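Take the two chains below one at a time, then look at where they meet. Keep the sequence at hand as you read.

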Amino acid sequence: MQTGDVLPEQAYTVTRADLVRYAGASGDRNPIHWSQRVATSVGLPGVIAHGMYTMALAARALDTWAGGTGKVRELSCKFTKPVVVPDDDEGVVVRVNGTVKQVTDAGVQVALEVTCGDDKVLGAPKAVLEA
Amino acid sequence: MPVDPTLAGRTFPPTAAYTVTEERVREFAAATGSSYDGGAAPATFPIVVAFGAMTGLMEDPEVGIALHRVVHGEQRFSYTRPVVVGDELTAELTVDTLRQIGGADIIGTRSEITDADGKPVCTAFATLVHRGPSDDNDDTGGEA
């Protein structure tokens, strides 16, 4: 990877079934991630993906670009907009884009952009990959 | 009601050791549409251990957090090494910062994740936003 490289966009489909599976795998069983009733009762537009689910998709894109797991040294983001996941078979698409900002001996700095529709769902997502 | 104002600087007891098995890593990877190739666990896998530490904080009755009003504002991982199958991981959470903004408590936490030898694996920084009761129908901000 070289400074200025634009990394190929990764698009991931998220369904309610994925969220249920992630709830089990992660231990985060907050009902706003699987119950329409609870999600709307706290003012959400519907069931939303775990913020950490979306962050995991960003990490998955990084693994793809880096050619495998275990290369991420730093990973950070803010959770700015919820990813609303409809109760259908199509789900919703989350897109992860990345640009190489700097390459040093300390690592490869990657600025990410994670979107769902027109919304940037993560704030200032970025990572450092092993050099 | 705001949380205990003396919370900043407090370190909570470490979580019980969590054994990273191939099945757990495989299931975590599959949940995010990925697959486990036998190498390192996915980068965000340590949240499973950090989440245990955060649950300890959120469920401590003396802290005063109402769980349904907590949203996850920000997350950062800094890795010393990747997590691998066979690791026995423990997380020890410290509240680094506590601020009040617009009736919400902004709780900055740091969970030091170590292996069975006590050596560092990863530090997970989570910012938790504990909204005031009047914000129950507020749909702005982060996600729990």
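How many residues of chain A are in contact with chain B, and how many of chain B with chain A? Contact here means heavy atoms within 4.5 Å. By that rule, 39 residues of chain A meet 33 residues of chain B. About 3000 Å² is buried between the two chains, and carbon and sulfur atoms give 54% of that area. Arg21(A), Met52(A) and Phe79(A) supply 18% of the area that chain A buries against chain B, more than any other three residues. Buried area is the accessible area (1.4 Å probe) that two parts lose on being put together, summed over both.

A word on the ground rules. This is a predicted model, in which local features need pLDDT of at least 70 and side-chain atom pairs count only at pLDDT 80 or more, while totals for chains, interfaces and linings use all residues. Residues are numbered from 1 along each chain as its sequence is written, chains are lettered from A and ligands numbered from 1 in the order in which they are written, and side-chain values use heavy atoms, with hydrogens and water left out.

Start with chain A. It holds 3 helices and 6 strands. Along the sequence they run β-α-α-α-β-β-β-β-β. Helices (H or I, at least four residues) and strands (E, at least two) are DSSP runs, numbered from the N terminus. The C-alpha atoms of chain A fill a box of roughly 50 × 30 × 25 Å along the principal axes.

What share of chain A is buried? The figure is 53% of its 131 residues. Buried means under 20% relative accessible area, exposed over 50%, and partly exposed in between (1.4 Å probe, protein chains only). Chain A exposes about 5800 Å², with 48% supplied by carbon and sulfur atoms. Such accessible areas come from the Shrake-Rupley method with a 1.4 Å probe; for residues, only the protein chains shown count as cover. Among contacts in chain A between residues at least 6 apart in sequence, 63% join residues at least 24 apart.

At 15% relative accessibility, Thr15(A) counts as buried. Leaving aside neighbours within four places in sequence, Thr15(A) is in contact with Val85(A), Asp89(A), Glu90(A) and Gly91(A).

Cross over to chain B. Its secondary structure comes to 2 helices and 5 strands. Their order is β-α-α-β-β-β-β. Chain B has a radius of gyration of 16 Å, close to the 15 Å that the globule rule gives for 144 residues, so it is as compact as a globular protein of that length. Its C-alpha trace spans about 50 × 30 × 20 Å along the principal axes. Buried residues make up 50% of the 144 residues. Chain B exposes about 6400 Å², and carbon and sulfur atoms supply 52% of it. Among its contacts between residues at least 6 apart in sequence, 68% join residues at least 24 apart.

Is Thr32(B) buried or exposed? At 4% relative accessibility, Thr32(B) counts as buried. Thr32(B) lies in the loop between α1 (22-31) and α2 (47-58) of chain B. Not counting residues up to four places away in sequence, Thr32(B) touches Tyr22(A), Tyr53(A), Ala56(A), Leu57(A) and Arg60(A).

Ala8(B) belongs to the segment before β1 (18-19) of chain B. Ala8(B) is partly exposed, with a relative accessible area of 41%. Again not counting residues up to four places away, Ala8(B) touches Val95(B), Asp96(B), Thr97(B) and Leu98(B).

Conventions: The radius of gyration is taken over C-alpha atoms; the globule rule is 2.2 Å times the number of residues to the power 0.38.
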